[in-house]
Structure formats: C-alpha cells, structure tokens
Amino acid sequence: WIVLLLALYTQQEQYKEAVPLLERLISIAPSKKTYWLQLSSLYGQLEDYPHALAVMELAYESGLVTDDSDIRRLADLLLFNDVPYRGATVLEKGIADKQVTIDDKLYEKIANCWIAAGEFDKAISPLEKAGDLSSNGDIYVRLGEVQIQRSEWQAAQQALQRGLDKGKLRDTANAQLMMGIALFNEKKYDDAVKWFQQSAKADKYSKMSRGYLQLIKARQQS
C-alpha cells in the first residue's frame, strides 16, 4: 500500500508528500537500493541537494551504490555540494574496483573534481587520459589551461598543440590565445605574436589579444 501511494504522489509530482513514504520504506527494507536512489532523486526534484547527497552517501557507505551511473551521480552531487575532493576519490575507487566504465567523460569528471578542489597536479593525469580518449581536442585545451595555472609553460604549449592538432574545437580562438600566453611567459615574443594575431580575429578575445600585442611591442622596443 505504501508503494502504491508513493506511485500516486510521484505521478502527480507531489514530491514533498512522497519523501516520508520512501523514508518509511527504507526503514522497512534498508537493503533495497531502489528506495535509497528514489529518495535521493526526490530530494533532487525538490532542489534540496544537501539531502540528496546525504542519502546517496548513506547508500554508498552501506555498499549499495555500485553501478556506474550511480557512482557518477554521487560524484556529481559531491561536486555540486562543494565536496570535490571526495568526488574524485569516489570515482578513482570506482575505477580500482572495476565498477565504472572507462571513457573520456569519466576521466574528465575526475579532473573537474580535482580542479574544483584546487588540486591541479592531480588533475593532469586524468585530463591526459580523457584527451587521449576524446574525439576532439577540447580536453587537451583544458589541460593546457591547467598547465598555465601551474606556470608550466612548455607543458601548456604541448597540450594546446595536441588539442589544435586533434581539432573539432568548440573555441579555437581560446586555444590560440592560451598558446600565445604560454609563449609570452617564456619570452618567445615573435612566436607569441602569431598566435595573438589569430586570436584577435575573434571578438571575444580581441581586446585581450591586442593588449598582449601592445605589451610585446613595448618590450621589444625597450
């Protein structure tokens, strides 16, 4: 009867009324994963993301969250709730336990967690793996941006070049701008000028690119 009433509430999108019913079902059958996932999903529908995460964490610690999609959803909730470090470790444990399918999206998600946690060094390897598996060069460009954050200028150039070579970029001008910045910081001004001239053709980056070009001109004349 509880399940029938729950179905009626969810069908009518009366999620707040459905929550206590699922809590009661969990107390009756705590080992049934479906109830935990449904409850977390309901909290998500109510935009109560801390409770959505708490429910998934309890299920995870109880050994009920073992499927690829569920582990990824837990990581997404951890990232959304500003717990990115744990999000990365949950995904890496999923790989170690062979619970998740290896693909570019998985490695990109791990990298996003590490970046959000401020752990740029730990983001390098998953970004490289994601870039290798991806059908376009966007992730390599992201890797280049992270290397710029680390002031690793040559590594940034290598990553950006791999992204440009792989192609199909969402924002080629951004990659050109980043390449110019990496070369500028190595004082390879002539090479940097060529990239800034290309990125300056895009309205979005025109002002910044021209600013760098003026700065290079001033330095070369001094």
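Predicted model: local features only at pLDDT ≥ 70, side-chain atom pairs only at ≥ 80, totals over all residues.
**Exercise 1. Which residues in α7 meet which residues in α8?**

Residues are numbered from 1 along each chain as its sequence is written, and side-chain values use heavy atoms, with hydrogens and water left out.

*Solution.* 
- Step 1: apply the terms. Helices (H or I, at least four residues) are DSSP runs numbered from the N terminus. Contact means heavy atoms within 4.5 Å.
- Step 2: list the α7 side. It has Asp104, Tyr107, Glu108, Ile110, Ala111, Trp114 and Ile115.
- Step 3: list the α8 side. It has Phe120, Lys122, Ala123, Pro126, Leu127, Lys129, Ala130 and Leu133.
- Step 4: sort by class. The contact of α7 with α8 has eleven nonpolar, no polar and four charged residues. Ala, Val, Leu, Ile, Met, Phe, Trp, Tyr, Cys and Pro count as nonpolar, Asp, Glu, Lys and Arg as charged, and the others, Gly among them, as polar.

**Exercise 2. Describe the contact of α8 with α9.**

*Solution.* 
- Step 1: the axes of α8 and α9 come within 9 Å and cross at roughly 160 degrees.
- Step 2: therefore α8 is roughly antiparallel to α9.
- Step 3: pick out partners. Among them are Phe120, Ile124 and Leu127 of α8, and Ile139, Tyr140 and Arg142 of α9.
- Step 4: the classes are eight nonpolar, three polar and three charged residues.

**Exercise 3. Which elements give two or more residues to the lining of the largest pocket?**

*Solution.* 
- Step 1: On a 1 Å grid over the protein atoms alone, a pocket is an open set of points where a 1.4 Å probe fits, with protein on both sides within 12 Å along at least five of seven lines; lining residues have an atom within 4 Å of a point.
- Step 2: the largest pocket has a volume of about 250 Å³ (the space filled by probe spheres set on the points).
- Step 3: of its 14 lining residues, the closest to the centre are Glu108, Asp138, Ile139, Arg142 and Arg170.
- Step 4: the elements are α7 and α9 (138–149). The largest share, five residues, comes from α9.
- Step 5: the lining divides into two nonpolar, four polar and eight charged residues.

Definitions and conventions: Axes fitted to C-alpha atoms, helices over the stretch in contact; angles between N-to-C directions. Parallel < 35°, antiparallel > 145°, perpendicular 65-115°, else oblique.
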